[in-house]
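These are my notebook entries on what I looked up in this structure.

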Amino acid sequence: MRGSEIRRSFLDFFVARGHTEIESDLLVPRSDPTLLFTSAGMVQFKAHFLGQATDGLTRATTCQKCFRTSDIENVGYTARHHTFFEMLGNFSFGDYFKREAIAWGWEWVTQVLRIPVEDLWVTHYEEDEEAAGIWEREIGVARDRIVATGKKDNWWGPVGDSGPCGPCSEIHVDRGPSYGEKNTIHDGGDRFVEIWNLVFTQYDQQKDGRLVELPRKNIDTGAGLERIASVMQDVPSNFETDLLRPLLSRAEELSGKRYGSSSEISISMRVLADHGRAITFCIADGVLPANLGRGYVLRRIIRRAVRHGRRLGIDRPFLSELADVTVEVMHDTYPELAGRLEYVKRVALAEEQAFAKTLLRGTELLDQLMAETRAGGGRQLPGEELFRLFDTYGFPYDLTEEIAREQGLDCDRTGFEAEMEKQRQRARAAWKGSGQVGHRELPAELLSARTTFLGYDELESQECEILAILCDDDPVESLEAGRQAEIILDRTPFYAEAGGQVGDVGVLEAGSGAFQVEDTQKTQHGVYLHRGRLLRGVLKPGEHVTARVDRQKRSLTMAHHSATHLLQAALRQVLGGHVQQSGSRVSPDSLRFDFTHFEAVSPGQMEEVERRVNAWVWENLPVVAQEMDLEEARRAGALAFFGEKYGERVRVVRMGDVSQELCGGTHVRRTGDIGLVALVKESSISAGNRRVEGLAGARAWERLKGELLAERRKSEDYAERLRRLEKELGELRAAGQKNLAARLAGEAAEVGGARFLVRSLNGVQDVDLDTVMDGLKDRLPNAVIVLADERDGRVVFLCTVSDNLVTQGLHAGHLVKELAQLTGGGGGGKPTRAQAGGKDPSKLGEALALAERRIRETLSKRG
């Protein structure tokens with residue numbers, strides 16, 4: 001059976017038994033984006049297992065695409081380890097339980113797949129006698145084929161640190177002695193292959209490890225498609241099934257080497273096959289290379305694939321070709337892949353090219369380090385040097401460890417981690433120096449103190465009690481004017497810096513005392529620290545103050561914060577759903593929004609993002625904040641982000657139907673309160689991460705007004721400069737014409753005591769006949785001058801005759817008329833100065849020769 005036939009037969013089998021076929025969830029779980037990846041079929045059904053779902057679904061079947069990170073370093077070295085794989089599953093939510101699940105699993109394996117009963121073994125959790133009894137007495141499996149094991153092998157824990165869990169029971173296929181004479185179940189060998197895992201989900205594990213009986217018992221079945229395909233197609237590894245063999249074939253084509261020709265070649269080709277497929281699905285599902293979270297996992301497997309490609313002699317980018325094959329094999333089941341292919345290839349190529357230089361330099365340095373270690377008689381690479389490779393040259397530790405292992409060397413992980421911890425301590429020291437207090441240790445007597453935040457609803461709060469006053473981290477009994485301090489209140493309208501939003505500023509007042517709040521921070525226990533300086537009077541613990549937030553600055557901050565929500569929504573619409581917030585900072589003066597994206601945002605895209613944001617602002621959408629359970633928020637589709645820590649109760653901020661995010665910050669009441677948004681800069685902050693900077697409200701107007709004034713001044717300056725340049729150009733041109741006139745005057749001929757000049761100025765740049773003629777007349781007072789020029793396919797003649805020569809029979813008007821007629825035109829003028837034009841430039845030379853003859857003839861008679 002082909003992989004596609006196995007997949008389809010499984011789904012059809014359970015649909016026929018009352019199950020609803022549900023499409024695969026994304027690798028980034030829709031229901032819980034704080035998880036790294038979808039690692040099992042049950043992830044999308046967590047709410048159903050907990051009895052929280054309201055859709056009435058009791059039976060479901062899926063083929064779920066999964067990604068697991070636990071065995072990345074083993075991929076390629078074994079027949080069955082994968083990062084990406086497909087998990088076939090059937091699920092019961094408070095409906096059937098062990099008896100039906102076991103019977104249907106056995107039926108599909110033995111009657112649909114037709115695997116011989118004598119090749120099958122089953123396992124169960126050692127304390128689950130109910131399952132053992134069903135296998136033996138109801139299914140008829142021989143007692144010696146039923147194996148009891150402990151929690152390590154037959155207990156399914158929760159996804160994360162809490163959630164549904166329970167005992168499990170497995171079906172294994174014995175592939176025969178050719179796969180290992182002495183192999184046993186669970187020994188890690190290739191002879192016994194687990195193809196079916198029945199999880200009897202009957203407990204809810206609490207975060208403290210306690211097991212609470214679920215009100216409804218559930219079934220979660222997982223059957224690895226690749227493993228089943230290897231059995232059904234009788235091939236020694238998952239990689240030789242029709243699901244993965246085409247990728248091996250492409251690796252052979254790319255490298256010119258043959259799979260199976262050596263252990264090293266086979267390992268690297270298996271890495272390319274697995275990682276090439278995983279990379280394609282990850283990027284298609286919205287994951288981008290990054291330095292944290294799931295983005296780092298993607299970056300890690302891309303780098304590992306590139307490195308193994310180099311081992312095979314592939315010295316050019318190749319991941320896009322593996323993506324082509326992946327889509328060709330999988331598009332019938334996952335049609336969305338084809339539409340994302342070009343995007344996948346662009347992201348993979350950019351990351352592949354970025355890593356190429358790092359790989360070359362890092363490999364050279366690692367080779368040198370390994371040679372030096374061997375030369376010194378050592379077998380372990382020192383952790384300090386491994387950290388230097390990682391920190392200075394960006395060479396990943398896991399890749400270093402794999403290369404060292406191939407060369408028979410160990411890595412000093414303890415030393416490496418020690419250096420990493422030193423770096424963290426340096427970072428924490430720098431972080432503390434920046435004024436952040438997230439890990440601030442308060443005096444022991446204040447550990448139970450708490451501050452209630454009132455600032456969502458009011459900016460001025462009366463009768464706020466001073467719980468403590470800290471000067472240089474120590475409590476004091478009173479505070480005098482001029483001293484810096486931190487004041488802790490029992491309740492406050494001041495927002496403490498969090499989630500990228502800066503802390504509020506304002507004033508605390510009590511009688512004659514007034515404390516200027518310059519910043520607001522909070523500890524990890526929720527104690528708000530109002531930092532600043534006492535302006536006048538005296539303040540003491542136990543006194544009550546009026547806490548007043550600077551209204552204008554808070555309003556500007558809220559406008560910028562709400563604008564970032566709209567900005568993210570617009571970026572996701574214009575650039576794609578892969579866009580996720582990776583950082584932000586909002587203050588009264590500006591907004592900064594960092595997000596995942598693989599390339600520069602074009603000016604056209606930025607204009608469209610800005611247009612959409614302002615369109616939503618001007619729609620004046622309602623902004624509603626609501627507290628709800630975390631699971632409820634996720635089901636409602638609120639954006640949450642991997643790496644963020646959320647409590648059981650969260651605050652969801654919704655802006656019309658445009659944006660819905662988990663957010664504890666302060667916001668405007670309606671989007672129209674933002675007023676205006678101006679995006680002023682887009683830049684790169686790291687590979688796969690971009691930054692947009694912008695302004696909102698009054699700050700945006702001030703910016704745009706300043707730009708308009710600057711443009712107006714610039715325009716006025718430009719006009720004045722243009723006038724000045726035109727004047728200077730005119731002066732230069734006049735000077736040039738005078739210089740030309742002086743040169744031409746020197747070329748004038750003399751006949752009968754008078755001088756004459758006949759010249760064509762065609763080809764002289766920016767020539768002006770009148771200006772040149774005036775210059776010549778000044779230099780030749782007793783002369784006949786004829787100048788000609790060609791303009792736009794026509795001929796222009798200009799002639800001057802001095803007064804004393806007019807009486808000798810020379811007439812400027814008659815002369816140019818004759819010349820013009822020769823060139824197909826006409827004209828004339830006064831005896832002393834005349835202009836005419838012709839239509840045939842080819843006759844210009846003939847006309848000028850005629851002019852010279854006429855002048856010579858007349859002046860000769862004079863002599």
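I took contact to mean heavy atoms within 4.5 Å. The model I examined is predicted.

Entry one: helix 8 and helix 11. I looked up which residues of the two helices meet. From helix 8 they are T280, F281, I283 and A284; from helix 11 they are L337, R340, Y343, V344, V347 and A348. By class, I noted 8 nonpolar, 1 polar and 1 charged residues in this contact. I then looked up the geometry. Helix 8 spans residues 263-284 and helix 11 spans residues 336-375. Their axes lie 9 Å apart, and the packing angle is about 105°. Angles of 65 to 115 degrees count as roughly perpendicular, so helix 8 is roughly perpendicular to helix 11.

Entry two: helix 9 and helix 11. Helix 9 covers residues 293-311. I found that its axis and that of helix 11 come within 10 Å and cross at roughly 60°. I recorded the crossing of helix 9 and helix 11 as right-handed. Helix 9 contributes R299, I302, R303, V306, R307 and R310 to the contact, while helix 11 contributes E351, E352, F355, A356 and L359. By class, I listed 5 nonpolar, no polar and 6 charged residues here.

I located S659 in strand 27, residues 659-662. Is S659 buried or exposed? Its relative accessibility is 5%, so S659 counts as buried, the cut-off being under 20%. Setting aside neighbours within four places in sequence, I found S659 in contact with H565, A569, V653 and R654.

Notes:
Residues are numbered from 1 along each chain as its sequence is written. This is a predicted model: local features need pLDDT of at least 70, side-chain atom pairs count only at pLDDT 80 or more; totals for chains, interfaces and linings use all residues. Side-chain values use heavy atoms; hydrogens and water are left out. Axes are lines fitted to C-alpha atoms, for helices over the stretch in contact, and angles run from 0 to 180 degrees between N-to-C directions. Helices (H or I, at least four residues) and strands (E, at least two) are DSSP runs, numbered from the N terminus. Angles under 35 degrees count as roughly parallel, over 145 as roughly antiparallel, 65 to 115 as roughly perpendicular and the rest as oblique. Ala, Val, Leu, Ile, Met, Phe, Trp, Tyr, Cys and Pro count as nonpolar, Asp, Glu, Lys and Arg as charged, and the others, Gly among them, as polar. A crossing is left-handed if the near helix is turned anticlockwise from the far one by less than a right angle, and right-handed if clockwise. Buried means under 20% relative accessible area, exposed over 50%, partly exposed in between (1.4 Å probe, protein chains only).
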